[in-house]
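Let us walk through this structure step by step. Keep the sequence and the model side by side as you read.

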Amino acid sequence: MIIILSVLLAFASTTFAQTPLTPTETKIVQTVNAENPQALDLIRQLVEINSGTRNLEGVRAVGKVLIPQFEALGFHVRWVPMDEVQRAGTLVAEHLCPAGTGKCGKRMLLIGHMDTVFEKDSPFQHYSVNGTTGTGPGASDMKGGLVVMLYALKAMQAAGALENSEITAVLSGDEESAGRPVAIARRDMIEAAKHSDVALEFEGQAREHGTYFGSTSRRGSIEWHLEATGSTGHSAGIFSPSVGYGAIYEIARILDTFRTQVPEPNLTFSVGLVVGGTTAQLNPDGTSGTVTGKDNIIPPIAYANGDIRALSNDQAARVEQKMQAIVAQHLPRTNATIKFDEGYPSMAPTAGNRALLGMLNQVNRSLGKPEMPELDPMKRGAGDVSFVAQYVDALAGVGASGSGAHAAGETIDLSAQPLNTKRAALLMYLLTQVDAGKNLTDLSAPK
């Protein structure tokens, strides 16, 4: 009880003095150091399995490697097929509190994903190591993060800290391209969040010029699809009352008005594809198109696709309304419609999320490391944690460190793997010491 109280008081303190490690925390740190070679071997094994989102067997193969790892830690594991959304499935692993739910500190949800953006036809397929840098598809996003999660749990087990914990891990097989509808694809993650108090997402640690950052927010991502139509005819009649402006001028008006009238803080909206002409057709995924046209024919059809990234769901809804109003102001003899797909919701910064970052910085002080500033949400994309942010306090990006995610040549900093694993393990241990009914913001309130 004295040890627990001292940890919580240290967390509440506004000073930055290093807090000595408890015997349990010392054992956790020692175990991470001792097991680092095995952790690095597991990274190699996972990266060598191609698990592009649409390589369903590859994603399942990653799950087959992970399932016995969780079972050896005392988790009850189940694989949830996702055939109905044409995805590989979701791995759910539950570690129950022996004293009953809610009696092992904060109920934790650990979030990860088994897929990568590199499909079977990608030329970037294999893993290599040069010094302390590992290079391979999904090395940092996020197979290295999965290893951080597992070896943090292993260290807790070795120190006797895992036994009295209540933890659910949910690993999606389609984070890089979520199945539709997301109500099915993220059903198990959302359900787990409703029975949890905090969520930790093990995607990549944000780091710039040697400084680590804590992610208390993630912007959402919504796709939009714009179609413009107009009258066609000889180009000599363009702008006339009988013919009007044509579809391409209409779509250009809309896009340029988006550029000038929609911007606001923490918001981006991008145009990813535009096609238009005498004929124009998009492929079913909206990722390419075929067009025909002549310089003396007014184009009757045009399409544009893009996305919106907003910091809050309210901001996203407001922006959608602005865009719809702009689309409705048609040029003469044209028409246009815009549709918005369901996407990733936003993870807005909250007091609870920031209190979690405060706890992580208590861990940093215990390890003699600098505190982690809050990451600018403009520097992080959408992720699975956003689906559960409305239910729990959450931190994003507590996984591996690396660079070049989503591009050939993606790397992981292997020298940072032990530190990131210690941070995760000590934060989870600290959360087991906080009463499930206690608000984290109360712990961090000034005395």
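A disulfide joins C97 to C104, with 2.1 Å from S to S. The model is predicted. The count of disulfides comes to one. Which hand does this disulfide have? The torsion about the S-S bond of C97 and C104 is about 70 degrees, so the disulfide is right-handed. Now look at its two ends. C97 has 9% relative accessibility, so it counts as buried. C104 counts as buried too, because its relative accessibility is 5%. The cut-off for buried is under 20%.

The largest nonpolar core has 71 residues. Those with the most contacts inside this core are L66, F70, L110 and L153. Helix α4, residues 139-158, gives the most to this core: twelve residues. A second, separate core has 24 residues, and A178, A193, A382 and F387 are among them. Now go back to L66. Leaving aside neighbours within four places in sequence, L66 is in contact with L46, L91, M114, L146, L150 and L171.

Now find helix α8, residues 313-327. How far apart should the ends of its 15 residues be? At 1.5 Å a residue, α8 should span 21 Å. The end C-alpha atoms of α8 are 21 Å apart, which agrees. Some residues of α8 are buried: Q315, A316, V319, M323, I326 and V327. They cover an arc of only 110 degrees around the axis, so they sit on the same side of α8. On the other side, D314 and Q321 are exposed. What do the buried residues of α8 pack against? Their partners are β10 (222-230), α7 (246-261), β14 (301-309) and β15 (334-340).

Finally, check some backbone details. A cis peptide bond joins D141 and M142, with omega about 0 degrees. M142 is in helix α4. The peptide bond from R180 to P181 is also cis, and its omega is near 5 degrees. P181 lies in the loop between β6 (167-172) and α5 (182-185).

Q86 is not a glycine, yet its phi is positive, at about 60 degrees. Q86 is in the loop between β1 (76-82) and β2 (87-95). Its relative accessibility is 62%, so Q86 counts as exposed. N266 is another residue other than glycine with a positive phi, near 65 degrees. N266 lies in the loop between α7 and β11 (268-277). Is N266 buried, exposed or partly exposed? With a relative accessible area of 28%, N266 is partly exposed.

Notes:
Residues numbered from 1 in each chain as written. Predicted model: local features only at pLDDT ≥ 70, side-chain atom pairs only at ≥ 80, totals over all residues. Heavy atoms only, no water. Helix = DSSP H or I, 4+ residues; strand = E, 2+ residues; numbered from the N terminus. Expected span 1.5 Å × (residues − 1). Buried < 20%, exposed > 50% of the residue type's maximum accessible area, 1.4 Å probe, protein only. Arc of directions from axis to C-beta. Contact = heavy atoms within 4.5 Å. Core = buried A, V, L, I, M, F, W, Y, C linked by side-chain atoms within 4.5 Å. Disulfide = S-S within 2.5 Å.
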